[in-house]
Amino acid sequence: MSYDLIFLLEEPSMKNVLEQLLPKIIPDQITYICIPHQGKQDLFKSITKKIKAFQYSPDTRFIIVHDQDSHDCQKLKYELL
């Protein structure tokens, strides 16, 4: 299946939050999926694989949900890119 938005999440608890929030703020015609991971390292290792696996459409957008902790947010963004 093709999705408009793919959320790559650091932890399963964020999936619970987004499953409650997203239906209230995203229109029904926009499709999405939330994929939880088991921490930062699991998420970081899987980003490239997931992007390759889900690139069904050039219009698909990926949203990476990763908490900052004590990291410099600009450096963290650069590392994720």
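Predicted model: local features only at pLDDT ≥ 70, side-chain atom pairs only at ≥ 80, totals over all residues.
Which residue forms a salt bridge with Lys40, and how far apart are the closest N and O atoms? Residues are numbered from 1 along each chain as its sequence is written, and side-chain values use heavy atoms, leaving out hydrogens and water.

**View A. Lys40 pairs up with Glu10.** Their closest N and O atoms sit 2.9 Å apart, which counts as a salt bridge because a side-chain nitrogen of Lys or Arg has to be within 4 Å of a carboxyl oxygen of Asp or Glu. The pair ties together distant parts of the chain, 30 residues apart: Lys40 is in helix α2 (residues 40–53), and Glu10 is in the loop between β1 (5–9) and α1. Helices (H or I, at least four residues) and strands (E, at least two) are DSSP runs, numbered from the N terminus. Glu10 is buried, at 7% relative accessible area, while Lys40 is partly exposed at 24%. Buried means under 20%, exposed over 50%, and partly exposed in between (1.4 Å probe, protein chains only).

View B. Glu19 is partly exposed at 41% relative accessible area, and so is Lys15, at 26%. A search of the whole structure turns up two salt bridges.

**View C. Helix α1 has a kink.** The kink is about 30° and centres on Leu18, the bend at a residue being the angle between axes fitted to the seven residues ending there and the seven starting there.
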